[in-house]
Structures are given as structure tokens and as C-alpha cells.
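Dear colleague,

I am passing on the structure below, together with some notes on what turned up in it. Please read them with the coordinates open beside you.

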Amino acid sequence: MAAPRHGRRTRGLPARAARALFPTALFLALCPAAPAAAAPAPAPCTADTGPYQWEMEQYLRLPADGRQSPADCEAIRAFQQRQRLAPADGAANLETYRTTLVVEERRRPNRDGKCPARARTVVCVDLTRQLLWVQYDGSPVYEAVPVRTGRWGQRTRDGWHEITDRVVDETSTLYDDAPMPYAQYFSGGQALHGVYGDLFNGGGSAGCVNLRLADAERLWNTTATGDPVFVWGRKPAT
């Protein structure tokens, strides 16, 4: 059977059959690719002046006047997106400001040597800077992340401890069944664990070391029962 002529009966052919019947250039002319969809434009950045506006302007090397401008909002939102903060809305809030401090400390969190080096995994908790990291033989194996430790009157106990028990889906027996995901107990009822919602609200914990949920999950996959935990310093305002 003769091949169909150009312009006849080809419209109903499957694409595979049409490719076999016509040269590539002719096939592309007859069956052009659909145009790529344009990426949606980012939503306007409309956050108002935040409580840490001046600090964020200083950190991002923007004109520091303590007042939000469209350029400030865009720069802060870009920083939030790089650090995977949510919502990334350009607001100069506490979480965003605290993240700048963590970023500065990430490369050398133990530059002052206050967390002792051991030839094993050690969880380091700095109450003064409200940071946690894990090191092995003095070298970080889990980068520094922000934490929330005990408030006034319920201070996180300092000194050497050890992870004694781990419960991935724990709830508190002392505080109204409060969720404690990825709980790792290290000093009696005090544990390293994640929190749902904003880590930076509330001022402090009841003695536990609180982490953002994703950070607590990564810590769970880094540590094990028996690993030492070293806590030092003093939480501001306690």
C-alpha cells in the first residue's frame, strides 16, 4: 500500500506511526511540540517591617534604616528560601534572625573548644548560643541547628549525660500528653526531641532540648543509645 500523501489521513495516525512514515524534519513540521508553559511569576513580597528589621538589613548588607522596603523584603525572602524557612514571606522575624546566627556558627561551632573532643559521637548542646551539633573526634558530623532549652526554673541540666532511651513517637506523661517526636532521653525525663509548629515561641522548654521537626528526625538518624551528650553554658534570661 502506498504511503499516505502529505495532508491526507495523517492527522489520525498515532505519533509513532507518523514518525516511521515521514522524515524527522517533516514530522516536526506536521506535529510541532507544544510550547513550554511559562513559569508563574513570584508573588509580590508584601511583609511589613519586622522586629528584627535592622539586624536583617545589617546581615544582608542592605541600607540599614529599620524600615521595610520592597528591596529589603525580596532580600529577606531570598535568604529564607535558601535556608528552607517557612513561610518564606520576607518578614524580619525572630526565626529568620536566629537562623542568621546559626549560619555564622555552622562552619566552626566548637571554635572555642567547650565541647570536648572524643573518639566517638558526642552530642553538643550550647545553652548560651542555643545551638546543638554532633561531632566525632572533634569534627562536626551533624551541623549546628537552633534549639530551645529550659526556661527559668526548669533549666536543662548541664554536664555529661548519655542517651538512655529513644522513642520515635513519644508523648509527655508530665505535660498533658504533649507530643515529643523523635525523643531521645539523656537526663531523667529530659530529652532531645522535635516540636510541631514554631520553635521560637514560648521562651523556653520545661527542660528538654527542643528542635525543629526535620532537625530532630535527622538527629535521630545520626545518634544512638549510649551516645554521650554534653551540655554547658547558660540560656539567656535564665
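A disulfide is taken here as a pair of cysteine sulfur atoms within 2.5 Å, and by this rule the count comes to two disulfides. Before the details, please note that this is a predicted model, in which local features need pLDDT of at least 70 and side-chain atom pairs count only at pLDDT 80 or more, whereas totals for chains, interfaces and linings use all residues. Residues are numbered from 1 along each chain as its sequence is written, and side-chain values use heavy atoms, with hydrogens and water left out.

Disulfides

For burial, the terms are buried for under 20% relative accessible area, exposed for over 50%, and partly exposed in between, with a 1.4 Å probe and protein chains only. On that scale C45 counts as buried at 13% relative accessibility, and C73 is buried with a relative accessible area of 1%.

The sulfur atoms of C115 and C124 are 2.1 Å apart and form a disulfide, which is left-handed because the torsion about the S-S bond is about -80 degrees. Both C115 and C124 are buried. With bonded cysteines counted along the chain, the disulfides follow the pattern 1-2, 3-4. A further cysteine, C208, is buried, with a relative accessible area of 12%.

Aromatic rings

Rings of Phe, Tyr and Trp (its six-membered ring) are said to pair if their centres lie within 6.5 Å, and planes under 30 degrees apart count as stacked, over 60 as edge-to-face and the rest as tilted. A search of the whole structure finds six aromatic pairs. In one of them, the rings of Y59 and F79 have centres 5.6 Å apart and planes at 75 degrees, so the pair is edge-to-face. Y59 lies in helix α3 (residues 53-59) and F79 in helix α4 (residues 70-82), so the pair ties together parts that are 20 residues apart in sequence. Y59 is partly exposed, with a relative accessible area of 27%, whereas F79 counts as buried at 2% relative accessibility.

The rings of W133 and W232 also form a pair, with centres 5.8 Å apart and planes at 85 degrees, so the arrangement is edge-to-face. Here W133 lies in strand β2 (residues 131-136) and W232 in strand β9 (residues 228-232), so the pair ties together parts that are 99 residues apart in sequence. Both W133 and W232 are buried, and ring pairs link W133, W160, F230 and W232 into a cluster.

Helix α5

Helix α5 (residues 94-105) has twelve residues, and its end C-alpha atoms are 17 Å apart, which agrees with the 16 Å it should span at 1.5 Å a residue, the expected span being 1.5 Å times one less than the number of residues. Among its buried residues are E95, R98, V102 and E105. The buried residues of α5 pack against α3, α4, β2, β3 (139-146) and β8 (209-212), where contact means heavy atoms within 4.5 Å.

Notes
Helix = DSSP H or I, 4+ residues; strand = E, 2+ residues; numbered from the N terminus.
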